[in-house]
Amino acid sequence: MYTLLSGFYQYLTRKEEYYVLIIGLDNAGKTTLLERIKSLFSGVTGLPPDKIAPTVGLNIGRVDIKSSRINFWDLGGQRDLRSIWERYYTECHGIVFVVDSTDSRRLEECKDTFESMITNDGVEGVPVLMLANKQDVEGALRVEEIKEVFNKIAVKLGARDSRVLPISALEGDGVREAVDWLMIRLQRNKMTRPPVSR
Ligand code: G3D
Ligand code: MG
């Protein structure tokens with residue numbers, strides 16, 4: 001009887017786990033975004049912005065949404081850390097690429113980084129969400145302007161789901177919508193990249 005009940009309990013509490021990479025150049029706002037997602041979706045207050053140090057290695061955030069668990073991996077963005085990203089490509093279910101919309105000087109570097117990610121065999125078929133961050137800053141590039149730059153390489157995205165959305169990780173604007181978009185795509189892409197069942 002106990003086995004039966006505990007089996008039933010496990011069935012009810014079973015979660016599908018997904019892994020999502022948060023990548024982008026250093027200073028784009030990846031860790032701020034991760035902390036914002038954690039505070040929005042798990043009720044845990046994230047680190048205050050002045051406590052966020054440049055990421056060396058990996059920050060992990062785990063949030064439960066409905067019957068799914070999403071593990072966000074915030075990978076460091078400094079040039080010499082980017083080579084590590086591809087080790088995670090084959091295991092992830094989705095990718096969030098964060099762009100600093102206030103840094104037009106590094107837009108070209110950002111584009112090259114995006115292109116080398118998107119053309120990597122390991123990410124084939126994985127939904128990609130590009131976030132134009134820091135929209136709260138006056139004079140920041142608008143989504144349309146960011147899209148224009150990246151449209152040139154959009155053909156390389158192939159048939160996968162992709163989108164560019166505006167956010168402010170610092171103030172939280174657009175973050176919920178971004179995660180909602182991602183959730184739907186992860187579910188939709190289940191056949192190609194099945195979640196881990198726990
Ligand atoms: P990273 O993890 O991609 O390297 P961080 O980036 O999350 O460490 O953020 C880098 C800097 O950008 C931080 O400022 C952070 O507060 C700021 N930032 C992140 N998101 C936003 C945003 O949406 N709006 C604004 N205005 N700033 C943002 P500091 O000054 O601490 O270096
Ligand atoms: Mg960081």
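Helices (H or I, at least four residues) and strands (E, at least two) are DSSP runs, numbered from the N terminus. With that in hand, let's look at the charged pairs, a recorded site and the cysteines.

A quick word on the ground rules. This is a predicted model, where local features need pLDDT of at least 70, side-chain atom pairs count only at pLDDT 80 or more, and totals for chains, interfaces and linings use all residues. Residues are numbered from 1 along each chain as its sequence is written, chains are lettered from A and ligands numbered from 1 in the order in which they are written, and side-chain values use heavy atoms, with hydrogens and water left out.

## Salt bridges

How many salt bridges does the structure hold? There are 12 of them, where a salt bridge is a side-chain nitrogen of Lys or Arg within 4 Å of a carboxyl oxygen of Asp or Glu. Here are some of these pairs:

| Pair | N to O distance |
|---|---|
| Lys-38 and Glu-35 | 3.3 Å |
| Lys-111 and Glu-108 | 3.3 Å |
| Glu-144 and Arg-142 | 3.5 Å |

Take Lys-38 and Glu-35: both sit in helix H2 (residues 30-41), 3 residues apart, which is about one turn of the helix. Glu-35 is buried at 8% relative accessibility; buried means under 20% relative accessible area, exposed over 50%, and partly exposed in between (1.4 Å probe, protein chains only).

Over in helix H4 (residues 107-118), Lys-111 and Glu-108 are 3 residues apart, so about one helical turn separates them.

As for the Glu-144 and Arg-142 pair, Glu-144 is partly exposed with a relative accessible area of 47%, and Arg-142 is partly exposed at 47%. Salt bridges also link Asp-26, Arg-106 and Glu-109 into a network.

## A recorded site

Back to helix H2, which is also where Thr-31 is found. An unreviewed UniProt entry lists Thr-31 and Thr-55 under "binding site"; such positions are given in the numbering used here, feature names are shortened, and annotations may be inferred rather than shown by experiment. Thr-31 counts as buried, at 11% relative accessibility.

## Cysteines

How many disulfides turn up in the whole structure? The search finds 0, a disulfide being a pair of cysteine sulfur atoms within 2.5 Å. Cys-92 is buried, with a relative accessible area of 0%, and Cys-110 is buried at 4%.
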